[in-house]
Amino acid sequence: MPDHDWPDYNWTGGDLPTFVTHLECGLTGEHYPADTIQGLSKAGRPLLVRYDLAGVSRALTKEMLAARPQTLWRYREMLPVRRPENVVSLGEIVTPLVPLPRISGRLAKGGEILVKDEGRLPTGSFKARGLVLAVSMAKELGIKSMAMPTNGNAGAAMAAYCARAGMKAYVFCPDDTPAVNVREIAMQGAEVYLVDGLIDDCGKLVAEGEKVVGWFNCSTLREPYRIEGKKTMGLELAEQLGWDVPDVIFYPTGGGTGLIGMWKAFAELEEMGWIGTKRPRMVAVQASGCAPMVKAWEDGVEHAPRWQDSHTFAAGIRVPQAVGDFLILRAVRESGGFAIAVDDDTIAAGWREVAQEEGLLLCPEGAATYAAYKQALADGRVGAGERAILFNCATGLKYPMPEAGTPLKLGNAIDWQRLLPGAA
């Protein structure tokens, strides 16, 4: 039995109503067959899934979509899994857009700040979107074991979905990966290895083991399907805004799968006639201690060299080099957006500010988008009256939090005068 029951569709031959036509190299445009195991293209670049979008628009209407359950799988015609028994799900909900009314009133001056809160997803992060599609397609293609490098949340998501699918998972983490992530990955049955190095060093080990052990390499953008899961962020966003798009999107950018996926989603929706030509300005947010995309954007180049001595406490965006760098930079430039770096002190301050003023606990990478928004507002790259979307990519409960005040220790006899407003 599939993990989802979809009574609104009469199955034909047991297949899902998917419209995949082929895979395409994101750099050269060369075509590759779908429904076979694929990694990178011959050019060593990511493969993108292509669809018969005219067929999708004939088979699916906005009214049909509105009647479906609020899960990621509501967009199944635009996803690649063909057979329902291969859907591996832990309940991927449509995540909410959470307004920041007090901060908007103070900063936006008639505009709107909305947080797309991805921490509500299974395993507590937006990595669930990409990995649910990657693992489901691995199951469909007969893969029995998967491996990946991770800074934490992606490995946790792969471990969870592999456990759900009955597949073996191998996860390689930098040795300073947050302990909660390492324990989470191990708890879900994966074999975890701590590596003296960064995530790209872990990726080299995964690639070496692929040749010897035979696992499938699920590194960021080295298979075609994590992008398809992440593009549902763009599909959800457009639907939540009444088939419109915001003025600007701030996205925490490490490997950049989500930014690439959303840009792909908007193009597909336009081709289907569901949105117009308007696009949000895509903003790639990085930490100043690891900002390869920012430098490449500023230098006007298409590829970003490896960032040396990468450091930031926002581990999810500590990615020294991305295989999809040109796709990230292409989306940023085509949208009229920009790449921006914020330092760790500013990220920590933003984290406290949103929590104390709005009651919303971001993750460090989500806090980076808020810090970047404030910086862009101050330098004029974002207007006060614009609608801005900030992506919070995980629940803040997974992370050691910055100091935010010293708790008062009370004895058995409480001096209530100390608690009065204005008391010292």
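Phe313 has a relative accessibility of 33% and therefore counts as partly exposed, where buried means under 20% relative accessible area, exposed over 50% and partly exposed in between, with a 1.4 Å probe and protein chains only. The model is predicted, so local features need pLDDT of at least 70 and side-chain atom pairs count only at pLDDT 80 or more, while totals for chains, interfaces and linings use all residues. Residues are numbered from 1 along each chain as its sequence is written, and side-chain values use heavy atoms, with hydrogens and water left out.

A search of the whole structure finds 9 aromatic pairs; rings of Phe, Tyr and Trp (its six-membered ring) pair if their centres lie within 6.5 Å, and planes under 30 degrees apart count as stacked, over 60 as edge-to-face and the rest as tilted. The rings of Phe250 and Tyr373 are edge-to-face, because their planes stand at 80° with the centres 5.8 Å apart. This pair links distant parts of the chain, with Phe250 in strand β10 (residues 248-252) and Tyr373 in helix α14 (residues 364-379), 123 residues apart; helices (H or I, at least four residues) and strands (E, at least two) are DSSP runs, numbered from the N terminus. Both Phe250 and Tyr373 are buried.

Phe313 and Trp351 form a stacked pair, 6.1 Å from centre to centre and with 15° between the planes. Here too distant parts of the chain are linked, since Phe313 is in the loop between α11 (292-299) and α12 (325-334) and Trp351 is in helix α13 (residues 344-358), 38 residues apart. Trp351, with a relative accessible area of 2%, is buried. Elsewhere, Tyr170, Phe172, Tyr193 and Trp215 form one aromatic cluster.

Two rings have a charged side chain over the face, which is counted if NZ of Lys or CZ of Arg is within 6 Å of the ring centre and within 35 degrees of the ring normal.

| Charged residue | Ring | Distance from ring centre |
|---|---|---|
| Lys230 | Phe126 | 4.1 Å |
| Arg381 | Phe338 | 4.4 Å |

Helix α13 also holds Glu353, which counts as buried because its relative accessibility is 18%. Leaving aside neighbours within four places in sequence, Glu353 is in contact (heavy atoms within 4.5 Å) with Arg106, Glu358, Tyr370 and Lys374.

The open sheet has 6 strands in the order β4-β5-β13-β10-β11-β12, with mixed pairing, where two strands pair if DSSP finds at least two bridges between them. Its edges are β4 (97-99) and β12 (338-342), each of which has a single partner strand, so one side of each is left without a neighbour in the sheet. On average, neighbouring strands of this sheet are turned by 25° against each other, direction ignored. Strand β11 (residues 281-287) runs parallel to β12 and is joined to it by 5 bridges, and Ala284 stands opposite Ala339 in β12. Helix α10 (residues 257-272) lies across β10, β11 and β13 (387-392), running at about 175° to β11; axes are lines fitted to C-alpha atoms, for helices over the stretch in contact, and angles run from 0 to 180 degrees between N-to-C directions.

The buried residues of α11 are Pro292, Met293, Val294 and Ala296, and what covers them includes β11, α12 and β12. After α11 comes Gly300, whose phi is positive, near 75°.

In another part of the model, strand β1 (residues 20-25) pairs with β3 in the antiparallel sense over 5 bridges, with Leu48 in β3 as the bridge partner of Glu24. Strand β3 (residues 47-51) is mostly covered, as 4 of its 5 residues are buried.

A nonpolar core is a set of buried Ala, Val, Leu, Ile, Met, Phe, Trp, Tyr and Cys residues joined through side-chain atoms within 4.5 Å. The largest has 130 residues, and those with the most contacts inside it are Val135, Met146, Met158, Ile249, Phe250 and Tyr373. A second, separate core of 7 residues includes Ala147, Val195, Cys202 and Trp215.
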